[in-house]
Amino acid sequence: MTVTRVLVILCSLHVQCTVGQSVSVTVATDKEIATIDDHFVGVTIDSAEIPIAFNWGGLDLRSPKVRTLAKALSPSYLRIGGTAGDFNTFDPTGHGGTSANSTFTGAIWDNLNDFVRAVGWDLVFGLNVLKRKDGQWDPENAKELMSYSYARNYKMPAFELGNEPEYFPEPFTNTISGAQLGRDFVHLREILKSTPGFESTLVIGPDVTGISGPRSILFENFFKGEGSKAVDRITFHQYYAYEVGVTVDTCLDPKVLDSLISDIHRVRNVTAPTNPDTPVWLGETSSFYGGGAPDISDRYVAGFLWLDKLGVASRMGLKGVLRQSYYGQNYSLIEPHTFEPYPDYWLTLLYKRLVGNKVLSVQTNSSNSFRVYAHCAKQNSVYNYKPGSVVVYIVNVNIYTTVATFPQFQKNMDLFWLRPEFIDLTSRNVTLNGKRLDYVNNTIPDMPPQKAYGGLLMLPARTFGFAVFPDADVDICK
């Protein structure tokens, strides 16, 4: 296939292809700069969906469609967490007299565990930290949940304790300090170590979002105190902005994209003195908080934020990114009630299938409007890439087409380029190499690459995607 043919493939369907920049991309292949594992990208469902009264917000965990779409993302963590989880009560029978707005039953818990087992996901569950007694966390309801789970052989990979504690409601904001929260975490860890079936369950937290300014005091004091000894994974939450007032241009602004870099540095500055080797996760993250921006967070344009976030997080050494959400609100991966995949679902699926565990350094002569990330390509996926293969993923927020050359990789290329169905970046549907992606007849569609050759790509303005170099023959990728 000729380079000219690549131009036709990527610069069609009304996409602007006036060439404005030429970029040379070099991938450092002598060593990896970080590693991730196959669970790196996970998903969430908000705790508000689990009580009796809300019935999962319309999500049918037994739906073949929901399960097929979920299983395709396996392995994955599923985090059930959020503000509502701080108050929720486990009542095995549902007859304990607590409010249906804040109670989940044994049947609901059974349904959830059956789902994660069927699709190959691992559960991360947020416990009710605002059940208090004598100024401390009262673990009795959590123990009841553990006992119920052990009797049914449910596996519990990880627990959290509290969601965004710096925003606890009154009076808890004034009574639960960072130091006290750390002691509560230690208490949870002691319970797990002494409870059959939970000895290896991870303790994850503190799930803060206030990492700068006055509210960061709780985060800092948590790690100055006993909290530093209690967590197996450090989690913080990140969104780019509040959903009101954001526009398409917000998703395309390099300064917005770069804000995650500063956030990660802030978290490292707090945690590194006491926990230099504890893995850090984005424990809840998406485009815009408040549920996501309508007709933006669930559209093609949100993919610029999502793919760049995965690139920044892996390059900077984070070990997990949990996407808010698999289901629920405008930043969901699947549509309410119909369960049709949104554009970010397809992007997530491609990432899972293409991107391997070793992260490679990239050098370019471009501006930060043309953003490139590289990994060893995944070998154990439907594409069966051979050892030594390399994958790059590119976020082009330029307003013009960019010519990208890869001097090291002059042979075969597999292209997976995602574009809006029409010229509008708020398109509900996405195309892969010019073909619309749809879930039809309970089947994930074939997502074949476009074959190319020659180490040169002409990448349309304001698009993103992946290129695999199957013949790169890189030793550290073998």
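A search of the whole structure finds one disulfide, defined as a pair of cysteine sulfur atoms within 2.5 Å. The structure is a predicted model, in which local features need pLDDT of at least 70 and side-chain atom pairs count only at pLDDT 80 or more, while totals for chains, interfaces and linings use all residues. Residues are numbered from 1 along each chain as its sequence is written, and side-chain values use heavy atoms, with hydrogens and water left out.

The disulfide joins Cys 376 to Cys 477, with an S to S distance of 2.0 Å. It links distant parts of the chain, 101 residues apart. Cys 376 belongs to strand S19 (residues 370-377), and Cys 477 to the segment after strand S27 (463-469). Helices (H or I, at least four residues) and strands (E, at least two) are DSSP runs, numbered from the N terminus. The torsion about the S-S bond of Cys 376 and Cys 477 is about -75 degrees, so the disulfide is left-handed. Both cysteines are buried. Here buried means under 20% relative accessible area, exposed over 50%, and partly exposed in between (1.4 Å probe, protein chains only). Cys 251 also counts as buried, because its relative accessibility is 0%.

Grid points are joined across faces, edges and corners, and a volume is the space filled by probe spheres set on the points. The largest pocket holds about 660 Å³. Its lining comprises 30 residues, with Glu 164, Tyr 239, Glu 284, Tyr 289 and Gly 290 nearest the centre. Strand S12 (233-238) and helix H9 (254-271) are the elements that give two or more residues to this lining. H9 gives the most, with three. By class, the lining has nine nonpolar, 15 polar and six charged residues. Ala, Val, Leu, Ile, Met, Phe, Trp, Tyr, Cys and Pro count as nonpolar, Asp, Glu, Lys and Arg as charged, and the others, Gly among them, as polar.

The second largest pocket has a volume of about 290 Å³. Of its 21 lining residues, Arg 315, Val 362, Arg 371, Val 372 and Tyr 373 lie nearest the centre. Elements giving two or more residues include H9, helix H10 (302-315) and S19. S19 gives the most, with six. This lining has 10 nonpolar, eight polar and three charged residues.

The largest nonpolar core has 121 residues. A core is a set of buried Ala, Val, Leu, Ile, Met, Phe, Trp, Tyr and Cys residues joined through side-chain atoms within 4.5 Å. Among those with the most contacts inside it are Leu 78, Trp 121 and Tyr 326. Beyond neighbours within four places in sequence, Trp 121 is in contact (heavy atoms within 4.5 Å) with residues including Leu 78, Phe 115 and Tyr 326.

Most residues other than glycine have a negative phi, and most peptide bonds are trans. The Ser 74 to Pro 75 bond is cis, with omega near -5 degrees. Pro 75 is in the loop between helix H2 (64-71) and strand S4 (76-81). Glu 170 and Pro 171 are also joined by a cis bond, with omega about 0 degrees. Asn 55 has a positive phi near 50 degrees and is exposed, at 55% relative accessible area. Asn 433 also has phi near 50 degrees, but is buried, at 16%.

Terms used
On a 1 Å grid over the protein atoms alone, a cavity is a set of points where a 1.4 Å probe fits but cannot get out, and a pocket is an open set with protein on both sides within 12 Å along at least five of seven lines; lining residues have an atom within 4 Å of a point.
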